Amino acid sequence: MTDLRVKGDVTKSRLLDATEHWISEKGFDSVSVRDITGLAKANVAAVNYHFGSRDGLLAAVLDHRMKPLMEMRAANLQALRDDDGVREILKAWSSPLVSIFASSGMSELSYCRVMGRAMDVLASNIFTEASAANRLVDATLLHCMEQRLPSMTQSEISWRLHFATGAMIHLLVHGVTTQADFRLSTAMEFWLDATAQSFAANEGLVERARPAKTPAARRKTKPAAPLRQMAEVVSAVMGADEIVPISLENNAAPAVLEAAATVTTVAESLQIQEKAETQAAKPKEDDGYGELFLF
């Protein structure tokens with residue numbers, strides 16, 4: 001006699017596999033019961049018997065794929081050290097996608113599409129339980145980022161993470177169709193680099209703002225963004241004890257402006273200021289062409 005329990009498990013497994021296939025091809029919204037049962041070679045009533053409804057079957061797929069991901073993300077974020085930076089936080093959150101793929105039993109194409117679409121549907125709050133669990137993980141991610149980025153508001157960090165998540169979803173769903181040599185591990189490294197870079201300027205400004213107590217410490221301080229450096233140079237020149245006319249004969253004005261446009265370090269800024277002060281100390285001859293002032 002056939003073991004009905006074993007037979008039922010086989011049918012249930014086929015329904016789950018068929019659902020994942022159609023989610024990969026069409027997305028959650030477009031999958032029909034007949035699509036699923038047709039591919040699984042099962043009776044339409046089997047969906048209600050095993051999962052209660054079509055939504056119950058979709059929720060089972062979502063739980064099957066996303067629960068391990070959320071658990072690994074939460075564990076990675078909890079294991080972060082105090083000296084870990086933004087990139088380490090983002091890697092802790094994103095790396096489980098690559099780790100889980102090895103044991104997923106799916107092709108890279110199907111896995112990426114299913115995971116991307118599953119992440120997307122979590123934001124819709126249709127499956128309330130799964131969405132609530134996902135929000136807890138995202139809240140932990142946001143908290144970790146806030147601790148490392150005191151110069152940014154919670155709203156600013158939240159928006160950037162929102163955009164980064166959208167980029168990840170697009171990468172998973174569409175990356176495999178736009179690049180013939182697509183590899184998940186490589187693509188996730190590109191995502192990690194781009195997302196970490198979007199926060200890098202803020203990390204640099206925070207570190208730059210901290211006072212350095214020794215010359216050695218000042219040399220190790222990260223330079224500020226180029227625009228801020230340019231502003232420092234202009235401020236240094238304009239902040240001289242008196243505004244000194246610069247003659248057109250020695251063509252000093254273009255030289256100062258060119259140096260300000262190409263400055264990349266605070267040390268160069270100080271050199272330009274010293275040069276301006278040296279020029280101010282030199283006697284100037286009246287060549288009859290008038291004088292050019294910086295205002």
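Which residues in H7 meet which residues in H9?

## The H7–H9 contact

In this predicted model, the H7 side of the contact consists of Leu109, Cys112, Arg113, Met115, Gly116, Arg117, Met119 and Asp120, and these meet Thr165, Met168, Ile169, Leu172, Val173, Val176 and Thr177 in H9. Sorted by class, the contact of H7 with H9 has 9 nonpolar, 3 polar and 3 charged residues.

The axes of helix H7, which covers residues 108–122, and of H9 come within 8 Å and cross at roughly 150°. Because angles over 145 degrees count as roughly antiparallel, H7 and H9 are therefore roughly antiparallel to each other, and their crossing is left-handed.

## The H4–H7 contact

Helix H4 spans residues 54–78, and its axis and that of H7 come within 10 Å, crossing at roughly 80°, which makes H4 roughly perpendicular to H7. By class, the residues of this contact divide into 9 nonpolar, no polar and 2 charged.

On the H4 side, Leu62, Arg65, Met66, Leu69 and Arg73 take part, and they meet Val114, Met115, Ala118, Met119, Val121 and Leu122 in H7.

## The nonpolar core

The largest nonpolar core has 62 residues, and those with the most contacts inside it are Leu62, Met66, Leu97, Met145 and Trp191. Helix H9, residues 154–178, gives the most to this core, with 9 residues.

For leucine 97, leaving aside residues up to four places away in sequence, the residues touched are Leu69, Arg73, Tyr111, Met115, Met119, Met168, Leu172, Leu184 and Met188.

Key:
Residues numbered from 1 in each chain as written. Predicted model: local features only at pLDDT ≥ 70, side-chain atom pairs only at ≥ 80, totals over all residues. Heavy atoms only, no water. Core = buried A, V, L, I, M, F, W, Y, C linked by side-chain atoms within 4.5 Å. Buried < 20%, exposed > 50% of the residue type's maximum accessible area, 1.4 Å probe, protein only. Helix = DSSP H or I, 4+ residues; strand = E, 2+ residues; numbered from the N terminus. Contact = heavy atoms within 4.5 Å. Axes fitted to C-alpha atoms, helices over the stretch in contact; angles between N-to-C directions. Parallel < 35°, antiparallel > 145°, perpendicular 65-115°, else oblique. Left-handed = near helix turned anticlockwise from the far one by under 90°. Nonpolar A, V, L, I, M, F, W, Y, C, P; charged D, E, K, R; others polar.
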